[in-house]
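Please open the structure in your viewer and keep the selection tool at hand. The tour below goes from one selection to the next and says what is found at each stop.

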Amino acid sequence: MRVERFIAKRIGGIGNRSFSGMIAKIAIAAVALSMMVMIITTNVITGFKNQISNKVFDFWGHIHVSSGLASDSFEAVPFDYDQHLVDTIASADRITYQRPPTIADPELLMPTRTSQGGVTRVDPFIITSGILSDNDLFEAILLKGSAPDSNQEELTNFLVAGQLIDYPQDKASRDILVSSMIARRMRLNVDDRLIINFIVDGDPIKRAFRVSGIYKTGLGEYDRRFVIVDMRILQDVLGWTTNQISGLEIHLDEWQDMDVFTEYIYFELLPGRLYAESARQKFYQIFEWLELQNINERVLIILMVLVAMINMITALMIFVLERTKMIGILKALGTKNWTIRQIFLYHALRIIAYGMIIGNALALLFCYVQMQTGILKLSEADYYLDRVPIEFNWMSMLLINAGTIVIVLLFLIVPTRIISGISPVKTIQFK
């Protein structure tokens, strides 16, 4: 064992009742608290981003293809379903793509990007507006019509009562999925009958439906307005052919590929009359809110590192001042300044290590309890979730631990410079 580590271990004092032992315990507690807050923060923010993003993607997919006339709204503008185009998009696997220069800036060279995965499926849909009526109650809604062969697996995650729409092969289904918010306002239950009123070219049209199920996404923007029906009944109401739709919903293997696939599909695959936009572009308010959480995470982590660093600097200076006589004796014996400084840095490292171990253990325990019990609740109307979400981000946790120990130790080198100014003659004579 090196002499620096040996002396650091002997003067540790963490377990004794001396003044320096009390200071060491306070420093350990400060580091542990900082580590606990940082790890909980990064796991909570990861949970928020993933769970809310997944809700959006499960309900809407990752990319929408629609008529350019309807790109910024939910207006039903038809275009013909092109099976060859759908097959081409659906077959897109891992791609490397460079967006072409724009007309506004033809000299701009865009970066080449590679996707992590490919397209999983493409589903057609129709969206139009209507008025839901039940006795003397009325509600303005948007209807999302899905195709009989669309994958409804994601909707199962949102179902709170009843069942998904049953699509018969020979005719359009009269089943309807309503949100729990609409069901509560309209006093609807599973198997209830209701009427939806449409206005098409100035003429009123009515259709009767049966509530097959009630869903809840927790995203107020959707739950307030959307119901889900068979696409074929909307084609009939709007007077469209069975080949006309208002959009394509594209699902990807990895949500991180949205931007590169949106550009690839728009510039390389779509005809001029169609437009592609990612879920991030279409529902930018939600994703901007999630980006704000990243800023909150960074600010909180910086503050917690500063707390740990200031506490350790204070503790280290107290240790140095308390061991002034020992420093003078070591200097009188010919010990170099850097060697003495290493003694105190090793001592600080032990304190940081104890604090990090305790902080990590407490943070993981808290996260596990929250995941199992959901004891901390949230207002779903404000946060899109009914409980504090936790998802372990092991890479971020590793970086937090490594970054904390490196940054704190680097800053601790500065206060140990006071050791160089300690005179062995004065300290040995000191009583």
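A nonpolar core is a set of buried Ala, Val, Leu, Ile, Met, Phe, Trp, Tyr and Cys residues that are joined through side-chain atoms within 4.5 Å. Keep in mind throughout that the model shown here is predicted.

Begin with the largest nonpolar core, which has 115 residues, and select Val 56, Phe 59, Ile 176, Ile 196, Ile 250, Ile 265 and Met 312, the members that touch the most others. The largest share of this core, 16 residues, comes from helix 2, which covers residues 19–60.

Next, centre the view on Val 56 and show its surroundings: leaving aside residues up to four places away in sequence, Val 56 touches Gly 61, Leu 219, Tyr 222, Ala 279, Phe 283, Ile 286 and Phe 287.

Now move to strand 5, residues 119–134, and select Arg 121 there. Is this residue, Arg 121, buried or exposed? Arg 121 counts as buried because its relative accessibility is 16%, and the cut-off for buried is under 20%. Its side chain is joined to that of Asp 123 by a polar contact of 2.8 Å, and, again not counting residues up to four places away in sequence, Arg 121 touches Asn 151, Glu 154, Glu 249, Ile 250 and His 251.

Finally, turn to the second largest pocket, with a volume of about 290 Å³. Of its 15 lining residues, select Lys 49, Ser 53, Trp 255, Glu 291 and Asn 294, which are the closest to its centre. Helix 2 gives the most to this lining, with six residues, while helix 10 (284–322) also supplies at least two. By type, the lining of this pocket divides into four nonpolar, seven polar and four charged residues.

Methods. Residues are numbered from 1 along each chain as its sequence is written. This is a predicted model: local features need pLDDT of at least 70, side-chain atom pairs count only at pLDDT 80 or more; totals for chains, interfaces and linings use all residues. Side-chain values use heavy atoms; hydrogens and water are left out. Buried means under 20% relative accessible area, exposed over 50%, partly exposed in between (1.4 Å probe, protein chains only). Helices (H or I, at least four residues) and strands (E, at least two) are DSSP runs, numbered from the N terminus. Contact means heavy atoms within 4.5 Å. A polar contact is a pair of N or O atoms within 3.5 Å; within protein, one must be able to donate a hydrogen and the other to accept it, and residues adjacent in sequence count only if both atoms are side-chain atoms. On a 1 Å grid over the protein atoms alone, a cavity is a set of points where a 1.4 Å probe fits but cannot get out, and a pocket is an open set with protein on both sides within 12 Å along at least five of seven lines; lining residues have an atom within 4 Å of a point. Grid points are joined across faces, edges and corners, and a volume is the space filled by probe spheres set on the points. Ala, Val, Leu, Ile, Met, Phe, Trp, Tyr, Cys and Pro count as nonpolar, Asp, Glu, Lys and Arg as charged, and the others, Gly among them, as polar.
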